Amino acid sequence: MPRPKKVQETKKAFKVGYVALIGRPNVGKSMLLNRLLGQKIAIVSNKPQTTRISILGIHTTDKGQIIFIDNPGIHKPLHKLNKRMMDFVYSSLETASLICLLIDATQKYGHGDEFVLEILKNVRTPVFLLINKVDIVKKGNILLIIDKYKDLHPFKEIIPISAVRGTNVEVLEKLIYDYLPESEKIYSDDEISDQSERFLLAEIIREKVLNHVEKELPWATAVYIDTIERRGPRAEAEEGERTQPMDSGERSETFPESGESSGGVKQTEKMSKPRPAVPEKKRPVTYIKATIFVEKDNHRIIILGRRGQLIKTIGIEARREIEEILESKVFLDLHVKVRENWRDSADVLDLIEGQK
Ligand SMILES: Nc1nc2c(ncn2[C@@H]2O[C@H](COP(=O)(O)OP(=O)(O)OP(=O)(O)O)[C@@H](O)[C@H]2O)c(=O)[nH]1
Ligand SMILES: [Mg+2]
């Protein structure tokens, strides 16, 4: 009788690592991050330089844990804000086991792309080239782009994708695992990002502003959440530190001083994967007070709109989305304030970053 074959135990390797999403502004890095995670954690807009602070998107499966780093777009920095944005990019290049360079298939190759490739010259980490937005270009153009790029850097893979449609996103995920080292999980299964809920809320308000303004205004706008206060059944069941008391004092006409956390409690709760839906009746009420900062008085006038119509629209759009995220009824109180040259003020930039 033949001897039974010995069954080889093949324990699948668990792959873990950081993957930096980089590229020029507006190429679709944040859109791709949301697509890869199946949840919106980063804001997206058609205005360049939407992302200002890197955030992590944690994707845990039975194969491993990919920690995506969504970065600001690569550009030549003018203000302190932009220098900090670029610092995020450089530091992510150091952290990452793999770099995904996104380009926009609809855009012509130019100086901005040369600048990006120049940065990659000093990097030894493997790089994938992701040609994004293939849903709106002809196949022939994609082949021309591949032809142009293939000799510009020793890319490990060149993958045409559509972050909007999800084209080739699964293929990308599979290939990423091949480049990650075996390791233990860094984050627990329910963690999805390193950003706080508070930061996400500020970003959502900024996204709604970006949808309605043009020219220099997108760059000159910042959002600061002054207070978040939850009341109601679910809020009571949760920890007290989740709640921030409402601001009781007179509000200053500038950013609060650094270190002064309005209400006294710093909201650092990190985002997690969606929890089971809360029935309508059990939903708490959340009061959010936020300030939209701009650099000039005419910016303020534009954002307020005729008879306050634009700020009202921005408020409605932001509130609707925030209600979905918090599973709460939301009262959103928005104020617009002028703070000249905030993009060059370290204290203001610290404060905005501090929300994360
Ligand atoms: N047609 C199409 N549009 C896309 C795709 N991916 C992103 N976009 C659009 O491109 C614009 C920029 O997307 P973002 O994800 O904000 O780009 P980003 O690279 O994160 O931009 P920054 O944060 O400014 O660096 C938005 O208007 C998106 O809707 C895609 O696959 N196809
Ligand atoms: Mg972005």
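The model is predicted. Its protein chain has 356 residues, of which 36% count as buried. The chain holds 11 helices and 11 strands. Among contacts in the chain with a separation of 6 or more, 75% are between residues 24 or more positions apart.

**Around ligand 1**

- The shell around ligand 1 has 24 residues.
- G28, S30, M31, T51 and G73 come nearest to the ligand.
- By type, the shell divides into 12 polar, 9 nonpolar and 3 charged residues.
- Helix 1, residues 29-37, gives the largest share of this shell, with 3 residues.

**Helix 10**

- Helix 10 runs over residues 309-326, 18 residues in total.
- At 1.5 Å a residue, helix 10 should span 26 Å, and its end C-alpha atoms are 25 Å apart, which agrees.
- Its buried residues include I314, A318, R319, I322 and L326. They cover an arc of only 130 degrees around the axis, so they lie on the same side of helix 10.
- Just after helix 10 comes E327, with a positive phi of about 50 degrees.

**Strand 10 and its partners**

- Strand 10 pairs with strand 8 (residues 222-231) in the antiparallel sense, over 9 bridges.
- In that pairing, I292 of strand 10 stands opposite V223.
- Strand 10 and strand 11 run parallel and are joined by 10 bridges.
- There, F293 stands opposite K337 in strand 11.

**Residues with a positive phi**

- Most residues other than glycine have a negative phi.
- N168 is not a glycine, yet has a positive phi of about 65 degrees.
- N168 sits in the loop between strand 6 (157-160) and helix 5.
- N168 counts as partly exposed because it has 18 C-beta neighbours inside 10 Å, while a buried residue needs 20 or more.
- N341 is another residue other than glycine with a positive phi, near 50 degrees.
- The loop between strand 11 and helix 11 (346-354) holds N341.
- N341 has 12 other C-beta atoms within 10 Å, so it is exposed; the cut-off for exposed is 12 or fewer.

**Y179, a loop residue**

- Y179 is placed in the loop between helix 5 (169-178) and strand 7 (191-196).
- Y179 counts as partly exposed because 18 C-beta neighbours lie inside 10 Å.
- Leaving aside neighbours within four places in sequence, Y179 is in contact with S97, L98 and P126.
- Y179 and G17 are 162 residues apart in sequence, but 8.7 Å apart in space, C-alpha to C-alpha.

Methods. Residues numbered from 1 in each chain as written. Chains lettered and ligands numbered in written order. Predicted model: local features only at pLDDT ≥ 70, side-chain atom pairs only at ≥ 80, totals over all residues. Near = placed C-beta within 6 Å. Helix = DSSP H or I, 4+ residues; strand = E, 2+ residues; numbered from the N terminus. Nonpolar A, V, L, I, M, F, W, Y, C, P; charged D, E, K, R; others polar. Contact = placed C-beta atoms within 7 Å. Expected span 1.5 Å × (residues − 1). Arc of directions from axis to C-beta. Pairing = 2+ DSSP bridges.
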